Amino acid sequence: MKDILFQNVSFSYPDSGSVLEHIDLKINGGEQIALIGHNGAGKSTLAKLINRLLSPTDGNVWIGDMNTKEYTAAKIAHHVGYVFQNPDDQIFHPSVEKEVGFCRKIVRQKGQNVRAQIDAALHITGMEKYRTKNPFELPLSLRRFVAMASVLAMDPDIFIFDEPTAGQDLAGRNTLINIFRDLKEKKKTVIVISHDMEFVFENFDKFIVMANKGILFFGTRKEAFQTPQLFKKAGLEPPGILRLCRHLGIEAADVETAARQIYDKWVGLP
Amino acid sequence: MFSIIECRNITYYYPLSRFPALIDINIALEAGKIYGILGANGSGKTTFCSLLRGFVPAFYQGTLTGEVLLKNKPLSDYGGLLAKEIGYVFQNPFTQLSGVKDTVFEEVAYGLENIGADADTIEPRVIQAMEKTNIKDLALKNPLHLSGGQLQRTALASVLVQEPDILILDEPTSQLDPQETRNVFDIVKALKEQKKTVIIAEHKTDLIAEYADEVLIFEKGRLTNRGNINHILSSPDLIDRGVLPPQAALLSNKLKQYGISFDSIPITYDQALNVINRLLHTEKR
């Protein structure tokens, strides 16, 4: 398992000032983390520094014992899989199966069975039945799963998902929960960039909150709740259930926990 | 009430498709209301939106039976003038871009130029639309250099600026953070106050519960439920229709399972807070 390490990392785009300043961060191998922050807080930039699509203006980013500066993005892609916000940024094959099979070179190098990898990825994303379809004939919500399957098939150690719940319905959200659960069992590192507060607070235990060109908070869900004004400082709206529970004097951000705590309170009434 | 747009016996097949995308749709939408369109992916939400705007069948072709009436006249009678009546924000904001303008400001102004708006009025209207959607800072940026969220707000501004009577928004907040999402819904609310009709397809049921007057539920091309928002969104069988219920309703239905009784299931956080507060501050019945 490879840790991700940011050492005093700063980044600026050529013509538009600095985006990140002096980031120190260590993500342990096998952790599942939600990365949240308002539009423009630098979430995608941080993620692209991990997969080497961007290189730090200052400082170093390490994946295990590799300083990403010394490797190409293509090499880093063996270790870090990135599912883009817009699936059309990464889809280019005429059939779902071929698209997902794009991984075959990398998979062979790892000595894994290509067929099995592709089948497993198609299965968990629910894309089996679309094998022979052209990805561009599928609706946007399903194209996202094609993109996801092609990254899953490569079986990297680290996965980054950019806004995976965007445009997904109930069934799509359940598929995602399944995928994250599977990756957790496989001890993969998962970083999910999301605006979907309900989804991340229900499904993740660790959070990075970004604001003001840096990291405002890195810790557990519980610590996030106990940090006063965290959401306000980050310019974020807390999940509705959390707001509701705070008004009721309880700490919960998901329906199950909230219901149990409210029930306990109610049972204790005279 | 005055029905502004009406679908009569609509059934529609996309080209080369053996299965209809919309089946036997009959509905009249009233002016000045906010309609939430809910349903699983592939249930027909986007096709329904395209139908109301005339993209189905004019752009997508395919086979359409039945008719759509706008202000009691068939849509096809409007031709190019339909753009003045109905504003449409696409699911993928990239689709919205003209591709011929170099700045966000010009992009937002483009629609007004096309419908021949008076040049003197264009600038103040564009500025106003950009202020509403919080994209004033982006005025001189190239639309092709925007992030997903910025693009989505630019797409909305380019429709708002035309001040149509009807606005159709297809998942307009999918790439926005919670505050910007809230802002879009506040814009929608303000449009309603100006007597505009807003039709909005969304997966964010919490916000639909809070802002919409009515919901339409689509399942496999059929309009299977419409009407009273409290009744529809509080029903536990919403999940079977592939729709995520509002969190407040999920919570209350869970409490109901535990044996706590409710007079009516709340669908918004505010309603839930009221009901549960009362519950926790009175003695058990």
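This is a predicted model: local features need pLDDT of at least 70, side-chain atom pairs count only at pLDDT 80 or more; totals for chains, interfaces and linings use all residues.
Local features need pLDDT of at least 70, side-chain atom pairs count only at pLDDT 80 or more, and totals for chains, interfaces and linings use all residues. Residues are numbered from 1 along each chain as its sequence is written, with chains lettered from A in the order in which they are written.

Helices are DSSP runs (H or I, at least four residues), numbered from the N terminus, and strands are E runs of at least two. Helix α7 of chain A covers residues 170-185. Its 16 residues reach 23 Å between the end C-alpha atoms, close to the expected 22 Å (1.5 Å times one less than the number of residues). A:Gly172, A:Leu176 and A:Ile179 are its buried residues (20 or more other C-beta atoms within 10 Å of their own, C-beta atoms being placed from the backbone). They lie on the same side of α7(A), because they cover an arc of only 60° around the axis (taken from the directions from the helix axis to the C-beta atoms). These buried residues pack against α5 (114-124) and α6 (140-154) of chain A. A:Lys187 follows α7(A) and has a positive phi, near 60°.

In chain B, helix α8 spans residues 178-193. Its buried residues include B:Val184, B:Phe185 and B:Leu191. B:Lys195 follows α8(B), with a positive phi near 70°.

Between the chains, 39 residues of chain B are in contact with 38 residues of chain A (C-beta atoms, placed from the backbone, within 7 Å). The elements of chain B giving two or more residues to this side are α7 (148-160), α8, α11 (247-257) and α12 (269-280). The largest share, 7 residues, comes from α12(B).

Conventions
A residue is buried if 20 or more other C-beta atoms lie within 10 Å of its own, exposed if 12 or fewer, and partly exposed in between; C-beta atoms are placed from the backbone. Two residues are in contact if their C-beta atoms, placed from the backbone, lie within 7 Å.
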